Amino acid sequence: MPHPRPTRTALALAAVALFAPAAAGCGDAGGLRGAGATPTAVSPEKLWPDLPAASSPAFDIDEVNTEVVKGVAVPADDLHRVDPVEVVRREIAAHPGDYDGSEAPYRETADRIADCAESGAGRTPCPVLRPYYRDLTGDGRDELALGFRQLPGDLTAVRVYTVDRHRLVRIMGWEDAVGAVELAGRSVIIRSPSEVAGYEYRLQWTWDQDQRAMLLTHDEMVRTGGRDDGPRDGRTRPPRPTSAPTSAPGASPSVPVSGR
């Protein structure tokens with residue numbers, strides 16, 4: 001028969017009994033000390049209670065950002081067997097306004113993608129970064145976390161792909177001046193420089209089973225612990241998300257991203 005759980009009173013009395021002899025033998029040394037005045041709790045105050053409730057968002061930030069990648073096969077539904085460079089090539093081809101022509105903002109990325117044939121992803125001068133694999137959806141299979149430089153600027157595109165009905169599906173996309181990318185549980189965390197000295201932006205996307213996508217669940221400015229002389233890149237927030245997607249079916253402590 002299980003023993004009953006000790007009551008809070010019994011535990012308190014036991015603690016007092018153990019503490020009394022120690023206090024008698026050592027005087028005031030080690031005794032309890034007050035931590036000072038406790039701030040008065042203040043309940044939330046609702047502002048403008050007569051303001052009509054909004055029924056739709058004012059701005060479209062592509063909360064559910066998914067897109068089927070056409071032309072890329074996924075052998076045996078295994079993303080480890082997908083060529084990350086080919087995935088980026090398909091994105092370049094699908095968005096010629098961003099990559100094709102002398103006035104395109106990311107024209108150098110398109111020019112240098114040919115270098116990947118010799119160097120491979122993750123090696124200079126290929127703009128495609130090393131791919132990483134992690135189960136971000138909880139289905140027991142790895143997703144593909146992919147990044148590539150958007151040149152000639154200082155932006156980095158971050159993408160996450162999964163397999164849905166034997167198709168390659170992008171479930172998260174973002175572009176920013178990236179300082180670091182991390183994985184934590186089922187989340188992708190992107191850290192970016194801020195125009196405010198001593199702070200950085202921290203954005204977190206987390207897999208949502210209902211939407212079958214990575215949703216932006218946290219967007220915050222946090223201290224970095226140091227101070228800079230000024231903004232690192234001269235940008236002002238917010239960065240833009242990826243190009244308008246096509247619909248497709250389908251916070252724990254930060255840890256460094258790791259490959260498999």
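**Entry 1: hairpin.** I began with the hairpin of strand 6 and strand 7, where two residues lie between the strands and Gly 185 takes a positive phi near 60°. Strands here are DSSP E runs of at least two residues and helices are H or I runs of at least four, numbered from the N terminus. Strand 6 (residues 180-184) and strand 7 (residues 187-193) run antiparallel and are joined by five bridges; two strands count as paired if DSSP finds at least two bridges between them. I found Val 181 opposite Ile 190 in strand 7.

**Entry 2: conventions.** I noted that residues are numbered from 1 along each chain as its sequence is written, and that side-chain values use heavy atoms, with hydrogens and water left out. The model is predicted: local features need pLDDT of at least 70 and side-chain atom pairs count only at pLDDT 80 or more, whereas totals for chains, interfaces and linings use all residues.

Entry 3: I then traced an open sheet of five strands in the order 1-5-4-3-2, with antiparallel pairing. Strand 1 (67-68) and strand 2 (132-134) stand at the edges with a single partner strand each, so one side of each has no neighbour in the sheet. Strand 4 is joined to strand 5 (residues 167-176) by nine bridges, and the two run antiparallel. For Val 160, I recorded Met 172 in strand 5 as the bridge partner. Helix 2 packs on this sheet and touches strand 3, strand 4 and strand 5; its direction makes about 60° with that of strand 3. The angle is taken between N-to-C directions on a scale from 0 to 180 degrees, with axes fitted to C-alpha atoms, for helices over the stretch in contact.

**Entry 4: cores.** I looked up the largest nonpolar core, which has 25 residues; Val 128 and Leu 168 touch the most other members. Such a core is a set of buried Ala, Val, Leu, Ile, Met, Phe, Trp, Tyr and Cys residues joined through side-chain atoms within 4.5 Å; buried means under 20% relative accessible area (1.4 Å probe, protein chains only). Helix 2 (84-94), strand 3 (143-150) and strand 4 (155-164) each supply at least two residues of this core. A second, separate core of 15 residues includes Trp 205 and Trp 207.

**Entry 5: disulfide.** I counted one disulfide, defined as a pair of cysteine sulfur atoms within 2.5 Å. Its members are Cys 116 and Cys 126, with sulfur atoms 1.9 Å apart. The link of Cys 116 and Cys 126 is right-handed, with 90° about the S-S bond. Cys 116 counts as buried at 5% relative accessibility, and Cys 126 is buried at 7%.

Terms used:
Buried < 20%, exposed > 50% of the residue type's maximum accessible area, 1.4 Å probe, protein only. Contact = heavy atoms within 4.5 Å.
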